[in-house]
Amino acid sequence: MAAGAPPLAGVGDRGSSSSSSHPPPPPPPKILLAKPPLPPPSSSGADDDGGGGGGAGRSRQATQPGSLSLVSDAWEVHTDKILPYLTENNDFMVIGVIGPTGVGKSTIMNELYGYDGSSPGMLPPFATQTEEIKAMAKHCTAGIDIRISNERVILLDTQPVFSPSVLIDMMKPDGSSAIPILSGDPLSADLAHELMGIQLGVFLASVCNILLVVSEGINDLSMWDLILTVDLLKHNIPDPSFLTSSTTQDKENKNDNQSGIEDYIADLCFVHARLREQDFSPSKLMVLKRVLEKHFKSSSFSIGSSGATPQVSDSSVPSSMKIEDLSSNQQDIYLLPLRTPDNSTNFEYRTCPSMLGMLRDQILSRPSRSFSKNLTERDWLRSSAKIWDMKPEAMLKDSETRNKFSRNHQGRAIKPSRVVAAAAVVFFLVYSQEQIETNHQAHLWLPQISRTDQVSDQDQFGYRDHGSQWLRTVAALLAETLGCSFIEADDYHSQANKAKMSKGIPLTDGDRIPWLEALRDAVRERLDHGEDVAVSCSALQQKYREILREGDCSFRSGSGSYSSCRVKFVCLEASAEVIADRIRRRSMEGEHFMPASLLQSQLDLLQIDEAEGITVVDATVRPNAIVHDTIARFREQLASTVC
Ligand SMILES: Nc1ncnc2c1ncn2[C@@H]1O[C@H](COP(=O)(O)OP(=O)(O)OP(=O)(O)O)[C@@H](O)[C@H]1O
Ligand SMILES: O=C(O)[C@H](O)[C@@H](O)[C@H](O)[C@H](O)CO
């Protein structure tokens, strides 16, 4: 290929992943970058912040280098700082990555760079999430970071798509976007966030030779849909090699421009990361492969159709087959297990570091799409900046694309955020004896759903009643953050149940079971359609929660398989006093059918079995904090669930 990867010393010889012998071979040795570092940039006053492969050997010994930004968190492209790190070499390769937050994008890019984390004093070229970032459910990379390895592989690490924390960061108090994605009137932050993901995808598909689409677990419809949108909009963006400004090529370029428009799109590689043992089964992977092929059948991306990818039929995959046998034959599907703290796996396949090494070998040695004409690294950068500046309106410039885009997005909006394949999160209430004893003053501060963290002094310090349906408030805010639907369980009570409660008569199991079954069916309908849902419900007993868990059609009541069940419970904890007070106000205001006198009967029923592994969240903090906490604590758990 004209602008493809240079041969990488030793890469082709490194441990093939096709071996299925036991025990698994040790991780392949890391390639420590063979070429000497380039001289430090001499002109343009570029900061010596360690960006670029040229400075790699030098800067990685020093403090955290901080990646160089090609696109800043304010969504502006910066070429001046990067140009000095690039050369007039035209034998290079560009690899980009896209995916949701925390899936391991920077970790993978570090591996492709050749970063050896086991060497003391070596800092990663791309920063990865720290424990603190994880605990706060924040994202780590903002904008697009760039590094150039000594093998002249240009690596583009990107901020996450579908990220609640990106959305929150870019949202102004009035709900509009702080980042101007389109010219003209400011957009809502939700829409701007969605367009950012699309712009990122289109940009990467336009300027990379290989684009890694990283997902958590083995299904991620949101990512696939985003990539289909990218495919639709990419066609108005020219090949970067047609945008070079070299005067000798100008005329030729003008003539070629039109023909070049349809031609170039990066090769896709799907990386499914943080997989559990149960994901490593040949049958699941065959399904994944088929689903991907089907999903992308009529797209410009050729998934599974490369000559190198065998068409494997069911019968050719014996159950004894090792995962390496399957994955090594795939040119566009890569698997990475969830890394355990000691870097081992508790199942027979390889460890995460060794599979990362394999991924590096396979990606760097695979043939990839090349740009139509030869271009130098520096020309690539200049063209990339032009492509970035085209912004989404350029992508939607012809009416056919615009209509198709609107059609595709009707009723199937890309979700602003997504944690996992469809899951239901049910909030319920717990009464805390401990809090009663130690914290009589505990009060709930739960404002109405707010799109921002901004609060008035009265909100912050007073005890203002906001309608007081606080389970509802929190669940609805979670739904809003995840871009999923929301169910209030009380809306599913029959008139008879409501009448009974309003007379102060507690419901019996006979009253509750049909109600819970109706709720279960509503949850199931959403999960079966691949949608997430947040539910507010006082599911006080384990047997009630068992019914709701059946919203995941693969859950068997009594099986105790709570961790793999897609219906998750979050318990909001507050003192009985607080709850009683709020219910009293609510019923005095005539807002709800349940009188405070019924509370005790409900608390008497409350029962949580430790084996259920229910997440308990402090309900005396801000709703935003509860939602953040919930997302952070659920990510690992939810990631393990598979439809
Ligand atoms: N396969 C894995 N198993 C378990 N943990 C992993 C795995 N890959 C990466 N991690 C850890 O998960 C965290 C997130 O990884 P990383 O920072 O690479 O994600 P990211 O997708 O780049 O995040 P962001 O979108 O916030 O930039 C890091 O602490 C990293 O060490
Ligand atoms: O099972 C029950 O007795 C009811 O569902 C109640 O829990 C109320 O509906 C709820 O507490 C009011 O929000």
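Predicted model: local features only at pLDDT ≥ 70, side-chain atom pairs only at ≥ 80, totals over all residues.
Colleague: Which residue stands opposite L335 in strand β7?

Modeller: Residues are numbered from 1 along each chain as its sequence is written, and chains are lettered from A and ligands numbered from 1 in the order in which they are written. Strands β6 and β7 run parallel and are joined by four bridges, where pairing requires that DSSP finds at least two bridges between two strands, and helices (H or I, at least four residues) and strands (E, at least two) are DSSP runs numbered from the N terminus. Opposite L335 in β7 stands H272.

Colleague: How many of the five residues of β7 are buried?

Modeller: Buried means under 20% relative accessible area, exposed over 50%, and partly exposed in between, with a 1.4 Å probe and protein chains only. I333, L335 and P337 point one way from β7 while Y334 and L336 point the other way, and all of them are buried. Strand β7, which spans residues 333–337, is therefore described as mostly covered, and the number of its residues that are buried is five.

Colleague: Why is strand β2 largely enclosed by the rest of the structure, and how many of its six residues are buried?

Modeller: In a regular strand the side chains alternate between the two faces of the sheet. Both faces of β2 are covered, with M93, I95 and V97 buried on one side and V94, G96 and I98 buried on the other. Strand β2 (residues 93–98) is largely enclosed by the rest of the structure because the number of its residues that are buried is six.

Colleague: Which residue of β5 stands opposite V97?

Modeller: Strand β2 is joined by four bridges to β4 (residues 153–158), and these two run parallel, with I154 in β4 as the bridge partner of V94. Strand β2 also pairs in the parallel sense with β5 (residues 210–216), over four bridges. The residue of β5 that stands opposite V97 is L212.

Colleague: Are the rings of Y264 and F371 stacked or tilted?

Modeller: Rings of Phe, Tyr and Trp (its six-membered ring) pair if their centres lie within 6.5 Å, and planes under 30 degrees apart count as stacked, over 60 as edge-to-face and the rest as tilted. A search of the whole structure finds five aromatic pairs. In one of them, the rings of Y264 and F371 have their centres 4.7 Å apart and their planes at 45 degrees, so the pair is tilted.

Colleague: How many residues apart are Y264 and F371, which the pair links?

Modeller: Y264 counts as buried at 3% relative accessibility, and F371 is buried too, with a relative accessible area of 2%. Y264 lies in the loop between α7 (247–261) and β6 (267–275), whereas F371 lies in the loop between α10 (352–365) and α11 (377–389).

Colleague: Which residues do ring pairs link into a cluster?

Modeller: One member, W388, has its place in helix α11 and is buried, with a relative accessible area of 1%. Leaving aside neighbours within four places in sequence, W388 is in contact (heavy atoms within 4.5 Å) with residues including V71, V77 and I144. The residues that ring pairs link into a cluster are W75, F203 and W388.

Colleague: What share of the area that ligand 1 exposes when taken alone does the protein buries?

Modeller: Around ligand 1 there are 20 residues, of which K105, T107, Q129, C140 and R339 come nearest, and a residue is near if one of its heavy atoms lies within 4 Å. A polar side-chain atom of K105 lies 2.7 Å from an oxygen atom of ligand 1, an N or O atom in the side chain of K134 is 3.1 Å from an oxygen atom of ligand 1, and a backbone N or O atom of T141 lies 3.0 Å from one. Taken alone, ligand 1 exposes 630 Å² (accessible areas come from the Shrake-Rupley method with a 1.4 Å probe, and for residues only the protein chains shown count as cover), and the share that the protein buries is 94%.

Technical notes. Heavy atoms only, no water. Polar contact = N/O pair within 3.5 Å; in protein donor to acceptor, adjacent residues only side chain to side chain.
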